[in-house]
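This report describes one protein chain, moving from single residues to the fold as a whole. Please keep the sequence and the structure in view while reading.

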Amino acid sequence: MNRSTAIGAGSVVALVALSGYAASAEAWDLLIVSWAAFGAMAFAAPLGARSRAEHAEGLVWGYGLASGAMVTSAAVFLVPQALGHHPQFGGFGIAFGILTGFAAHTVGHRFAHMDLPIDRTVAELSAHAVSAGAIIGIVYGNIDVGVGLGLAIVSHKGPAGYAAARRLSGQDRSVAPLLLPAAGLGIAAIVSSAVSLPATDAFRGLVFGFASGVFLHVAMDFLPRCEIGSEIHELLSVEDGHAHEILDRLRFHAALSTAVGGLAVFAAWLALS
């Protein structure tokens with residue numbers, strides 16, 4: 001077992017241990033979301049590792065459904081909470097969250113130039129998982145938003161795990177280190193759920209707005225981009241002229257999949273209401 005694989009296995013042990021604490025605190029919604037995030041990535045990774053064929057259309061639908069569900073969930077369940085506490089501070093929080101998400105994603109590229117004990121792809125996914133998990137934990141630790149919001153937000157873990165495992169497998173590397181970002185979200189979420197926010201409306205509006213902005217950025221970052229040079233294009237081992245035709249067709253699937261993801265959240269909300 002190499003060092004990165006050992007880190008991944010250790011993170012699973014940590015998640016199991018923290019799950020005992022969450023269960024004792026009866027944080028069942030957070031526990032379900034944490035293990036759903038783990039299961040989505042852990043299940044998708046072996047599928048991506050075994051993939052040798054082109055599955056661009058499937059990846060487009062995976063990203064599209066997840067991003068559509070995330071945009072809708074953040075807009076419906078988090079944005080109203082932020083603005084309800086304080087319209088202005090909530091709005092500032094949303095703006096700061098989107099800008100912070102962009103900055104973190106951009107600065108994260110520096111991982112490519114650092115000597116890390118784990119693969120760069122795994123490091124980037126882990127940083128994303130921990131930051132998202134910390135925000136999820138604070139949200140669930142302070143308001144009752146139901147399990148649906150969390151499940152929609154972590155829905156991107158499946159396609160992200162598939163794509164990352166396919167990339168690692170293509171480099172003849174083990175996908176076992178992906179256990180770290182798979183478990184990282186739940187670890188950070190359970191730990192941060194113990195944070196109790198001040199009761200002032202301005203502060204809570206800022207925090208929930210920030211959470212909304214971060215999740216909206218993540219959702220938009222996962223929108224399937226069917227352009228030359230994109231991750232989708234890299235799956236197409238065809239001539240450039242033919243690739244343009246395929247990408248034109250995939251753009252329709254991208255638009256349709258995001259709409260279906262959003263409508264699924266709307267339908268679930270109607271059913272539960």
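## Buried and exposed residues

S192 counts as buried because its relative accessibility is 9%, and buried means under 20% relative accessible area. The model is a predicted one. S192 belongs to helix 8, which covers residues 179-192. Setting aside neighbours within four places in sequence, S192 is in contact with G133, A134, G137 and I138.

Helix 8 also holds G184. With a relative accessibility of 7%, G184 is likewise counted as buried. Apart from neighbours within four places in sequence, G184 has contacts with A129 and V130.

A further case is S11, in helix 1 (residues 3-24). Its relative accessibility is 5%, so S11 counts as buried. Which residues does S11 contact, leaving aside its neighbours within four places in sequence? They are L179, L180, A183 and I187.

E124 sits in helix 5, which runs over residues 120-142. E124 is partly exposed, as its relative accessible area is 28%. E227 is found in the loop between helix 9 (201-221) and helix 10 (231-234). This residue, E227, is also partly exposed, at a relative accessible area of 43%. E26 lies in the loop that joins helix 1 to helix 2 (28-50). At a relative accessible area of 60%, E26 is exposed, because the class of exposed residues begins over 50%. E26 also has a positive phi of about 60°, although it is not a glycine.

Over the protein as a whole, buried residues make up 45% of the 273 residues.

## Pairs separated along the chain

| Pair | Separation in sequence | C-alpha to C-alpha distance |
|---|---|---|
| G184 and S131 | 53 residues | 9.1 Å |
| E124 and A104 | 20 residues | 10.0 Å |
| E227 and D248 | 21 residues | 8.8 Å |

## Helices and annotated spans

How many helices and strands does the protein have? There are eleven helices and zero strands. Read along the sequence, the pattern is α-α-α-α-α-α-α-α-α-α-α.

The UniProt record, an unreviewed entry, places the feature "transmembrane region" at residues 32-49, 61-83, 89-108, 175-197, 203-223 and 252-272. Two of these spans can be compared with the model. Residues 203-223 are 90% helix and 0% strand, with the end C-alpha atoms 31 Å apart.

## How helix 3 meets helix 7

Two packed helices are described by the angle between their axes and the distance between the axes. Helix 3 covers residues 56-85 and helix 7 covers residues 157-170. Their axes come within 8 Å and cross at roughly 145°. The crossing of helix 3 and helix 7 is left-handed.

Which residues of the two helices meet? On the side of helix 3 they are L59, G62, Y63 and A66, and on the side of helix 7 they are P159, A160, Y162 and A163. Sorted by type, the residues of this contact are seven nonpolar, one polar and no charged.

## The largest nonpolar core

The largest nonpolar core has 60 residues. Which of them touch the most other members? They are I136, V139, L178, F215, I232 and L250.

Not counting residues up to four places away in sequence, I232 touches A56, L59, V60, R225, C226, L247 and L250. L250 is listed with I232 among the core residues that touch the most other members.

Methods
Residues numbered from 1 in each chain as written. Predicted model: local features only at pLDDT ≥ 70, side-chain atom pairs only at ≥ 80, totals over all residues. Heavy atoms only, no water. UniProt positions renumbered as here; feature names shortened; annotations may be inferred. Helix = DSSP H or I, 4+ residues; strand = E, 2+ residues; numbered from the N terminus. Axes fitted to C-alpha atoms, helices over the stretch in contact; angles between N-to-C directions. Left-handed = near helix turned anticlockwise from the far one by under 90°. Contact = heavy atoms within 4.5 Å. Nonpolar A, V, L, I, M, F, W, Y, C, P; charged D, E, K, R; others polar. Core = buried A, V, L, I, M, F, W, Y, C linked by side-chain atoms within 4.5 Å. Buried < 20%, exposed > 50% of the residue type's maximum accessible area, 1.4 Å probe, protein only.
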